[in-house]
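Grab a pencil and let's work through a few exercises together. Each one sets a task and then walks you through the solution.

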Amino acid sequence: MKNFIKLLSIITIVFITTVQSNSAEKIDYLKTDWSFKGLFGKFDRGSLQRGYQVYTEVCSSCHSMKYVSYRNLGEKGGPEFSDAAVKAIAASFEVKDGPNADGEMFMRPGKLSDKLVMPYENEKAAQAANGGAYPPDMSVLVKARGGGVDYIYSLLQGYEDAPSGMILDEGVHYNKYMYGNKIKMSAPLSEGIVEYGDGTEATVEQMSKDVTTFLMWAAEPHLESRHQMGLKAIIYLIILTILVYFSMKKIWSRVETEV
Amino acid sequence: MSDNEYIPKSKFGKWFNDRLPLLSLASHLTDYPTPKNLNYWWTFGGILTFCLITQIVTGITLAMHYIAHADMAFESVEHIMRDVNYGWLIRYIHANGASMFFLAVYIHIFRSLFYGSYKSPREIIWIIGIMIYLLMMAAAFMGYVLPWGQMSFWGATVITNLFSAIPLVGEGIVNWLWGGYSVDNPTLTRFFTLHYLIPFLILGLVVLHIWALHVPGNNNPIGIDIKKPSKDTVPFHPYIVIKDAFALLMFMIVFAFFVFYAPNILGHADNYIEANPMVTPAHIVPEWYLLPFYAILRSVPDKLLGVIAMLSAILILAALPWLDTSKIRSAVFRPLYKQFYWILVADVLILGYMGAMPAEGLYLLIGRVATAYYFLHFLVILPVLGFKEKTIPVPLSITEPILGGSSNLALAKNKESLDK
């Protein structure tokens, strides 16, 4: 029994370290405290709301978020804007609908069920407007990058002057954390580019943290309920395991073998 | 099956059982005499059954919401993750369930290797097991293609391209597999149907695997033939059932940890990028459970020979009952084999690590040495060891060493012969 647990834990550790070493490059990303990590991790509501503001006012001019709907912004576990606020947010966007009875496409104010309006009609249009580089959709961006939130958070603050000797083409920028250090996106955030309604100071660091938190939620909208359910499930399993363990001991006490 | 004649108590039960002996089967399964010294490594059979059922149930549920179309697959997975009630839970159980399934199957296989469970009279159980393992790999590979992310697409491209190594007809076979001239919608739809089919084939083989097991009965840690039923056995229910349940629950705690707290750690980030035939990922890496074989494939410079080496690495296992010439089953009584066994475990882990690294420089070299050793173990070391090894005397029954109060098994055996 003891040997079994010992061996099993060795296997688990080897297993996890092997898996983690799979994410090939080891880069020291900037660190910050993410409220959503850990067994009890939850989103910081204020940060989500500010992050949404940064996304809308800055990122969304190039980056779509096509799997997220306006209604999600009011749902539990998300930014949790009030119903009225979400309706107002949705209505502030023009959505192409149709065809109507005359066979025409028309514009109307957004509804809760609409997906977030995309900045470009399609991928080609996005590329054409951005010097050939497609600004990736942000719905699952955090999960689609090896370093996850730390990578996005660092990237946003990783703009620097290129080291001497490195020649950058026009429209290409140097970023410490980008794969290959060359990025087509110019530094998106600068001090005070947005004005937070709650009085938080809009430093680049603060905005990076807020928008990354928002992106984490966009990629994992059920993260909070996952953590809550996980805790309950694991506690339940542990209690049941203990009960079954003693039942087993009782049953096996009839035969003279150690379990 | 078992020698006991079961007679149902009720009249209806007897009537039914005479026509379809389901009650006899149930009785056989509950009474099934099991060696009482089975350790926890033997609980993985039950755990694997749990894994298979979990995959089938979650998989069927996912199939109700998934759309097998190149333009819609990725989006439908996001739909499951966001809008389907508890869709995220079902998908994460299914995705991590595949990893848990392989973790359990590797422990199950290596348990068999340690205790010689593949040896006579259990060769058929072992060969069916290898067939299940092959089908599992096929099912897992095709399942990984379904979300239609970048790794799905490029993994499918790399693996199907292996068939092009076959001389003359290779290209034709690849096009036939793809249903076109590249991995595209026809590939996705056929992978989906096969991914749905294979688990039921596995289920059928699992029934045969257990049936074949119930003929000779379980092997056990000291690897001796035992009389059944006897002092050495306990009925399957409740003894083994409760022990399996306990082990399963511990396994489920690990499983739950992955599902709820690290659901994406075993996957690759690139698979959250929608498949794009125009962009190749920097490193195309298979899922962790296929890495050792991927390392073997890449360690051979020639494509065709590489494919042959990879396939042989798996198929060689089917010949294991005849490659291992030792009559003694359990490694407990084979001091030399025990050492080689652990070297093999290390070798496979090294291969897995090399499979995850880029195939260049030192990684490639170590991968080649490890590949060579893998085959050396099965083709040279095992056959020779059976003749050369000095084994420790094996006790005559399970109860002997325990009742004798002595852990010295050789002593127990001497005592037995004195008693006679």
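Two residues are in contact when they have heavy atoms within 4.5 Å of each other. Before we start: this is a predicted model, where local features need pLDDT of at least 70, side-chain atom pairs count only at pLDDT 80 or more, and totals for chains, interfaces and linings use all residues. Residues are numbered from 1 along each chain as its sequence is written, chains are lettered from A and ligands numbered from 1 in the order in which they are written, and side-chain values use heavy atoms, with hydrogens and water left out.

**Exercise 1.** Describe how chain A is put together.

*Step 1.* Look at the contacts in chain A with a separation of 6 or more: 59% of them join residues 24 or more positions apart.

*Step 2.* List the elements, which are DSSP runs numbered from the N terminus (helices: H or I, at least four residues; strands: E, at least two). Chain A has 7 helices and 4 strands, and from the N terminus on they go α-α-α-β-β-α-α-β-β-α-α.

*Step 3.* Check burial (buried is under 20% relative accessible area, exposed over 50%, partly exposed in between, with a 1.4 Å probe and protein chains only). Of the 259 residues in chain A, 39% are buried.

**Exercise 2.** Work out what the contact between chain B and chain A is made of.

*Step 1.* Count who takes part: 54 residues come from chain B and 56 from chain A.

*Step 2.* Look for salt bridges (a side-chain nitrogen of Lys or Arg within 4 Å of a carboxyl oxygen of Asp or Glu). The rule finds 1 across this interface, and Arg71(A) and Asp83(B) form a salt bridge with 3.1 Å from N to O.

*Step 3.* Turn to the elements on chain B's side. Those giving two or more residues include helix H4 (73–82) and helix H5 (87–115) of chain B, while H10(B) supplies the largest share, 17 residues.

**Exercise 3.** Is Ser299(B) buried or exposed, and what does Ser299(B) touch?

*Step 1.* Find the place: Ser299(B) sits in helix H11 (residues 291–299) of chain B.

*Step 2.* Ser299(B) counts as buried because its relative accessibility is 5%.

*Step 3.* Leaving out residues up to four places away in sequence, Ser299(B) touches Leu364(B), Gly367(B), Arg368(B) and Thr371(B).

*Step 4.* Zoom in on the side chain of Ser299(B): the backbone oxygen of Ile296(B) is reached at 2.9 Å.

Definitions and conventions. A polar contact is a pair of N or O atoms within 3.5 Å; within protein, one must be able to donate a hydrogen and the other to accept it, and residues adjacent in sequence count only if both atoms are side-chain atoms.
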